[in-house]
Amino acid sequence: MGDMLLVIDAGTTSTRAMLFAADGTCLGSEQRDLTQHYPAPGLVEHDAEQIWSLSRAAAAAMVAQAGGAGRIAAIGITNQRETIVFWSKRTGRALAPAIVWQDRRTAEFCGALKEAGHEAALQATTGLLLDPYFSATKIAWAMDHWPQLRAVGDDLAVGTVESWLVHRLTGGLHVSDATNASRTALMDIDSGRWDDGLIDLFGVPRAALPEIVDCAGRFGETILFGAPIPICGMAGDQQAAAIGQACTNPGDTKATYGTGAFVLTHTGADRPVSRHRLLSTIAWQLGGARAYALEGSVFVAGSLIQWLRDDLGLLSSAAESEALARSVPDNGGVQLVPALAGLGAPYWRPSARAAISGLNFSTGRAHIVRAALEAMAHQTSDLMAAFASDGAAWECLKVDGGMVANDWLAQDLADMLNLMVERPHFVETTALGAAMLAGVGCGCFASLAEAAAMRGQVERFEPRMGEEERERRLSGWKAALGHVLGPH
Ligand code: ADP
C-alpha cells in the first residue's frame with residue numbers, strides 16, 4: 001500500500017487535486033477553473049458533469065505525479081457545501097444543472113415558509129435557518145420546475161457535491177457524509193438521520209437521498225486510476241478547514257476569508273443551540289458519534305476586493321489593497337458595509353444593499369479600499385459578539401483563505417477583536433483537513449488529534465490597538481450598519 005494522501009477539493013470557482021505526505025508536506029497540486037453560469041440575476045448554476053470531469057482530470061494528474069495509484073493510501077474529498085446535484089443512479093449522468101449555494105431563486109419560497117411559521121421547527125431540527133443558501137428549497141424548486149427529474153422516478157439521485165463525486169468515482173455508491181448532509185436542511189443533527197417531516201415539507205423524494213455516513217472510513221474504491229484507491233475521508237469545505245486548522249477542542253475557532261467568510265467554533269459532543277442567529281452544524285462524524293460547531297457565514301469577503309478591482313477599477317490587483325490601506329493613516333471617515341449579496345450572519349437580511357458612506361472631497365481610493373478591508377474585522381467583531389452570547393467565546397482566531405495573505409488585514413483582525421490571530425504557513429487548510437480525514441479513515445492515524453500534527457508551523461499576530469481607537473472604529477461601523485439595516 002502507498003503512503004500518500006490524495007485530496008479532491010471541489011470548490012465553488014475551481015476544482016483542485018492535491019497530494020500530501022503523512023507529515024503534512026504538500027507534494028503537488030493541480031487546479032482547474034470551473035465555469036460559473038448565471039442564467040438570470042440571483043441565479044447561479046454549475047455544470048455537474050464539468051465538476052466531475054475537472055475533478056477526475058486533476059486527480060489523474062496527481063496520481064501520475066505520485067507514480068501511480070499504488071503509491072496512494074487513500075483519497076479525501078472536500079467540496080463547496082449546499083450546492084445540489086441531480087443525476088441518474090443507473091447511468092450516473094447528471095439530469096439537470098447543479099444549483100449553487102449562492103443561488104437566491106428560492107428567496108420568496110423561504111419568505112413564505114417563514115411567514116407560515118416553519119423557521120423555529122426547522123432550526124430546532126437542523127440547526128439552520130430558512131434561507132435560500134441551504135439545499136432543501138433548491139431541491140423543492142428543481143422538482144417543481146425540471147420535469148425530467150420526476151420522469152425518472154426512483155432512478156433519481158440527489159446529493160451534494162461530495163456525494164456526486166463518490167458516485168462517479170466508485171461507479172454507483174450513493175452516500176453523503178454527515179457534515180455535508182447537515183447543510184441540506186433535511187437532516188436531524190441530533191440523530192444524524194434524514195428528517196421525515198422536512199422531507200415532506202420540501203417534497204423531496206425519499207429514495208433519491210443518499211445514505212448518511214461518517215467523515216472517515218472505507219467508503220468504497222475507485223478503479224479509474226489504474227488500480228483501486230480507497231475513498232477514506234469526506235467533509236464539506238468549511239468543516240474540512242476547521243479540521244485542517246486543528247480545531248479539535250471546544251472553543252477552537254477558525255475563520256476562512258475567501259470569496260465569503262466562514263467562522264466555525266468547535267463546541268464538542270453537545271449540539272449547540274444558537275439564540276443569536278448563528279448556525280449549529282456538524283463538525284464531523286466519526287464512528288457514528290457526532291461533534292458539533294457553531295457557524296457564522298458571511299457571504300461577501302474577498303468578493304468585495306474583486307468587485308473593487310474588476311467593477312470599480314479601484315485596484316489593479318487584490319494584493320494592492322494592502323499597500324493602499326497602509327498608505328493612509330485611517331479610513332478618513334469612510335465606512336463600507338459590504339451587503340452586495342444581502343447580509344448573512346448574524347444579521348440575515350437578504351434584502352439589505354451595500355453602502356459606502358462618509359465621502360468628502362479629500363476621500364481617495366485608498367480610504368475606500370481601507371474601509372473595505374476594515375469591514376472584514378468589523379463583521380468578524382459582530383460575529384465574535386454573537387458567538388460569545390451563544391456561550392462560545394473565542395480565545396484565539398485561526399485564519400486562512402486567500403484574503404489573509406494580506407498582513408495588514410491579519411493585524412487589523414487581531415487589533416479589532418483584541419485577540420491573538422494565528423495564520424498557518426500552509427494556508428490550504430481545507431485540503432489539509434480532507435487529507436487528515438483520509439489519513440484517519442485508512443488507518444494512517446489513530447485519531448484526528450494525531451492527524452492534527454500535519455498542520456505544521458504558524459505565524460501569530462498580537463493585538464496592538466488601544467481600546468479608544470477600537471471603540472471609535474466600532475461606533476463608526478455600527479452607525480453605517482444601522483443605516484443599511486434600516487428601522488426594523
Ligand atoms: P475561494 O476559495 O473562495 O475561491 P480564496 O481563498 O482563493 O477564495 O481567496 C480568494 C479571494 O481573496 C479573492 O476574492 C480575492 O479578492 C481575495 N484576495 C486575494 N489576495 C488578497 C489580498 N492580498 N488582500 C485582500 N484580498 C485578497
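Residues are numbered from 1 along each chain as its sequence is written, and side-chain values use heavy atoms, with hydrogens and water left out. Because the model is predicted, local features need pLDDT of at least 70 and side-chain atom pairs count only at pLDDT 80 or more, whereas totals for chains, interfaces and linings use all residues.

The protein contains 16 helices and 23 strands, taken as DSSP runs numbered from the N terminus (helices: H or I, at least four residues; strands: E, at least two). Its C-alpha trace spans about 65 × 50 × 40 Å along the principal axes. Of the 488 residues, 62% are buried, where buried means under 20% relative accessible area, exposed over 50%, and partly exposed in between (1.4 Å probe, protein chains only). Among contacts (heavy atoms within 4.5 Å) with a separation of 6 or more, 71% join residues 24 or more positions apart.

Two packed helices are described by the angle between their axes and the distance between the axes. Here the axes are lines fitted to C-alpha atoms, for helices over the stretch in contact, and angles run from 0 to 180 degrees between N-to-C directions. Angles under 35 degrees count as roughly parallel, over 145 as roughly antiparallel, 65 to 115 as roughly perpendicular and the rest as oblique.

Helix H10 (residues 302-310) packs against helix H12 (residues 365-389) at about 165°, with the axes 10 Å apart; H10 is therefore roughly antiparallel to H12. The contact joins Leu-304, Ile-305 and Leu-308 of H10 to Ile-368, Val-369, Ala-372, Leu-373 and Met-376 of H12. These residues comprise eight nonpolar, no polar and no charged, with Ala, Val, Leu, Ile, Met, Phe, Trp, Tyr, Cys and Pro counted as nonpolar, Asp, Glu, Lys and Arg as charged, and the others, Gly among them, as polar.

Helix H12 also meets H16, their axes coming within 11 Å and crossing at roughly 85°, so that H12 is roughly perpendicular to H16. On the H12 side the contact includes Glu-374, His-378 and Asp-382, and on the H16 side Arg-473, Trp-477 and Lys-478 are among the residues involved. By class, this contact has five nonpolar, three polar and four charged residues.

Helix H13 (residues 407-417) packs on helix H16 (residues 467-485) at about 100°, with an axis separation of 9 Å; H13 is thus roughly perpendicular to H16. Asp-412, Asp-415 and Met-416 of H13 contact Arg-470, Arg-473 and Leu-474 of H16, giving two nonpolar, no polar and four charged residues.

Helix H4 (residues 135-145) is mostly covered, with eight of its eleven residues buried. Among them are Lys-138, Ile-139 and Met-143. The covering elements include strand S6 (84-88), helix H2 (107-115) and strand S8 (156-160).

Arg-349 lies in the loop between strand S19 (335-337) and strand S20 (355-357). Arg-349 is buried because its relative accessible area is 17%. The C-alpha atoms of Arg-349 and Leu-485 are separated by 7.6 Å, although the two residues are 136 residues apart along the chain.
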